[in-house]
Amino acid sequence: MKIDIIGDIHGCREEWIQLTKELGYDWSGGLPVHPDDRKLAFVGDLTDRGPDSLGVIRDVYGIVEHHGGYYVPGNHCNKLYRYFSGNNVKIVHGLETTVEELNRLNPDEYGDIKNQFMTLYEKAPLYHMLDQKKLVIAHAGIREHDIGQTNKRIATFVLYGDITGEKNEKGMPVRRDWAKHYKGDPFVVYGHTPVHAPRFKHNTVNIDTGCVFGNKLTALRYPEMDVVSVPSSRPYVPEKFRDEEFEA
């Protein structure tokens with residue numbers, strides 16, 4: 001099994017297309033296809049904050065539905081799903097950019113993108129176990145003793161990380177460094193927490209390198225464990241990165 005796992009895209013479609021081309025994918029048929037039949041996988045958070053969230057939804061929907069790709073939802077995906085479902089969600093923390101794109105669509109276009117996203121989300125597992133359970137893809141990570149299980153507590157962890165309910169001096173949620181204590185055999189690939197460079201720790205790797213915050217978009221090539229990144233075209237926002245917090 002050969003997979004290229006893509007970090008949090010957050011609507012940065014230009015960088016996402018560039019990254020797949022760096023990985024050797026051909027877009028001539030409208031969606032990325034690899035000559036060696038490699039598959040694409042996504043750690044979630046496709047939308048919000050970036051300039052083309054809807055384009056990313058269309059791409060990933062097509063890849064998963066027609067090219068055997070793998071997708072797991074992130075917390076931003078969960079919020080967009082609740083928005084489409086008619087729940088009373090606050091249109092903040094990036095959702096406003098996606099809603100602004102949606103508001104520019106005609107009713108038919110709106111219906112199409114809503115159906116694509118709802119289908120993508122509803123068919124997705126909370127996390128993927130692949131390669132005979134040697135590889136786990138989970139948006140914000142997962143503890144070793146929770147792998148293979150699903151409940152509300154695990155869902156909160158997978159979507160939001162090991163949160164304490166507190167906020168730090170930057171106003172961001174305090175998250176414990178679960179990877180520092182991970183002792184599982186499956187290799188866990190996750191994102192959610194922006195870091196400047198892919199963070200390998202105890203059989204895990206965080207590949208959210210903060211593209212939407214001006215750093216880069218990263219892929220992990222599995223099983224080779226090679227990292228491929230492309231630079232972001234967005235303004236750099238240093239306060240969004242959590243490297244120092246987790247290395248303390």
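Me: Where does N215 lie?
Reply: N215 is in the loop between strand 10 (204-206) and strand 11 (216-222). Helices (H or I, at least four residues) and strands (E, at least two) are DSSP runs, numbered from the N terminus. This is a predicted model, with local features needing pLDDT of at least 70 and side-chain atom pairs counting only at pLDDT 80 or more, while totals for chains, interfaces and linings use all residues. Residues are numbered from 1 along each chain as its sequence is written, and side-chain values use heavy atoms, with hydrogens and water left out.

Me: Is N215 buried or exposed?
Reply: N215 counts as buried, at 18% relative accessibility. Buried means under 20% relative accessible area, exposed over 50%, and partly exposed in between (1.4 Å probe, protein chains only).

Me: What does the side chain of N215 reach?
Reply: The backbone oxygen of H196, at 2.8 Å. A polar contact is a pair of N or O atoms within 3.5 Å; within protein, one must be able to donate a hydrogen and the other to accept it, and residues adjacent in sequence count only if both atoms are side-chain atoms.

Me: Which residues is N215 in contact with, leaving aside neighbours within four places in sequence?
Reply: V195, H196, T209, G210, P231, S232 and F241. Contact means heavy atoms within 4.5 Å.

Me: Switching to charges. How many salt bridges are there?
Reply: The count comes to 12 salt bridges, each being a side-chain nitrogen of Lys or Arg within 4 Å of a carboxyl oxygen of Asp or Glu.

Me: Which residue does R38 form a salt bridge with at 3.1 Å?
Reply: D4, with 3.1 Å between the closest N and O atoms. R38 lies in the loop between helix 1 and strand 2 and D4 in strand 1, so the pair ties together parts that are 34 residues apart in sequence.

Me: And which one at 2.8 Å?
Reply: R38 also forms a salt bridge with E224, where the closest N and O atoms are 2.8 Å apart. E224 is in the loop between strand 11 and strand 12 and R38 in the loop between helix 1 and strand 2, so this pair ties together parts that are 186 residues apart in sequence.

Me: Are R38 and E224 buried or partly exposed?
Reply: R38 is buried, with a relative accessible area of 5%. E224 counts as partly exposed at 30% relative accessibility.

Me: Which residues are linked in a network of salt bridges?
Reply: D4, R38, R221, E224 and D226.

Me: Back to helix 1. Which of its residues are buried?
Reply: In helix 1 (residues 13-22), the buried residues are E15, W16, I17, L19 and T20. They pack against strand 1 (3-6), strand 2 (39-42), helix 2 (53-66), strand 11 and strand 12.

Me: What comes just after helix 1?
Reply: G24, which takes a positive phi of about 95 degrees.

Me: Which strands pair with strand 8?
Reply: Strand 5 (residues 135-137) pairs with strand 8 in the parallel sense over three bridges, and strand 10 pairs with strand 8 in the parallel sense over three bridges. Two strands pair if DSSP finds at least two bridges between them. L135 stands opposite F187, and V189 stands opposite V205 in strand 10.
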